[in-house]
Amino acid sequence: MSDQVARKIIAQRSVKPFEKTSELKELVFQNFSMDSDRKYKILMRIFQALRIVINDEINNLEILMDLIAENLEPKGLGMILTFHSLEQEIVTAKMHQLVYL
């Protein structure tokens, strides 16, 4: 499903760039036949992906993890709360690096 949504977004952008979030919502609601709950879930993921890219959240998380690694005292405790699987993968990988160095 995500590849179909991505293709529709790319096709629309080549015709006319999105100017409002409501235009993206319209695209999803008009082009996919599913219940509105599922459509809203798709929109939530799209907006989450946009937020992650615009805020450079992955790069910032990696910078934070490096800072924690550099500044945490031996046997110190560091805690990171993640909100989605992409963040979890990055934190888990970095923690494994730290533990097994």
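Is Glu-57 buried or exposed at its relative accessibility of 18%? Glu-57 counts as buried, and the views below start from there. The model is a predicted one, in which local features need pLDDT of at least 70 and side-chain atom pairs count only at pLDDT 80 or more, while totals for chains, interfaces and linings use all residues. Residues are numbered from 1 along each chain as its sequence is written, and side-chain values use heavy atoms, leaving out hydrogens and water.

View 1. Glu-57 sits in helix H4; helices (H or I, at least four residues) are DSSP runs numbered from the N terminus. With a relative accessibility of 18%, Glu-57 is classed as buried (buried means under 20% relative accessible area, exposed over 50%, partly exposed in between, with a 1.4 Å probe and protein chains only). Its side chain makes a polar contact of 2.7 Å with the side chain of Arg-51. For such a contact, a pair of N or O atoms lies within 3.5 Å; within protein, one must be able to donate a hydrogen and the other to accept it, and residues adjacent in sequence count only if both atoms are side-chain atoms. Setting aside neighbours within four places in sequence, Glu-57 is in contact with Arg-51, Ile-52 and Glu-87 (contact means heavy atoms within 4.5 Å).

**View 2. Helices H4 and H5 side by side.** Here you can follow H4 (residues 57-71) and H5 (residues 85-99), whose axes come within 10 Å and cross at roughly 25°. Axes are lines fitted to C-alpha atoms, for helices over the stretch in contact, and angles run from 0 to 180 degrees between N-to-C directions. H4 and H5 are therefore roughly parallel to each other; angles under 35 degrees count as roughly parallel, over 145 as roughly antiparallel, 65 to 115 as roughly perpendicular and the rest as oblique. The crossing of these two helices, H4 and H5, is right-handed (right-handed if the near helix is turned clockwise from the far one by less than a right angle, left-handed if anticlockwise). On the H4 side, the residues meeting H5 are Glu-57, Ile-58, Leu-61, Glu-62, Met-65, Asp-66 and Ala-69. Their counterparts in H5 are Leu-86, Glu-87, Ile-90, Val-91, Lys-94, Met-95 and Leu-98. Sorted by class, the contact of H4 with H5 has 9 nonpolar, no polar and 5 charged residues. For these classes, Ala, Val, Leu, Ile, Met, Phe, Trp, Tyr, Cys and Pro count as nonpolar, Asp, Glu, Lys and Arg as charged, and the others, Gly among them, as polar.

**View 3. The loop between H4 and H5.** Two residues of this loop are worth a visit: Lys-75 and His-84. Lys-75 is exposed, with a relative accessible area of 88%, and its phi is near 60°, a positive value in a residue other than glycine. His-84, in turn, is buried, with a relative accessible area of 14%. Apart from neighbours within four places in sequence, His-84 is in contact with Gln-48, Arg-51 and Ile-52.

View 4. Although Asp-56 is not a glycine, its phi is positive, at about 55°. Asp-56 counts as partly exposed, at 37% relative accessibility. The C-alpha atoms of Asp-56 and Gln-30 are separated by 30 Å, with the two residues 26 apart along the chain.

View 5. Ile-9 lies in helix H1 and counts as buried at 17% relative accessibility. Not counting residues up to four places away in sequence, Ile-9 touches Phe-18, Leu-24, Leu-27 and Ile-46. The C-alpha atoms of Ile-9 and Leu-24 are separated by 7.8 Å, and these residues are 15 apart along the chain. The axes of H1 (residues 2-15) and H2 (residues 21-31) come within 11 Å and cross at roughly 125°. That makes H1 oblique to H2, and H1 passes H2 in a right-handed crossing. Lys-8, Ile-9 and Gln-12 in H1 meet Leu-24, Leu-27 and Asn-31 in H2. This contact of H1 with H2 has 3 nonpolar, 2 polar and 1 charged residues.

**View 6. Helix H2 against helix H3.** The axes of H2 and H3 come within 10 Å, with a crossing angle of roughly 140°. That makes H2 oblique to H3, and the crossing of H2 past H3 is right-handed. From H2, the contact draws on Thr-21, Leu-24, Lys-25, Val-28 and Phe-29. Facing them in H3 are Ser-36, Lys-39, Tyr-40, Ile-42, Leu-43, Ile-46, Phe-47 and Leu-50. By class, H2 and H3 meet through 9 nonpolar, 2 polar and 2 charged residues.
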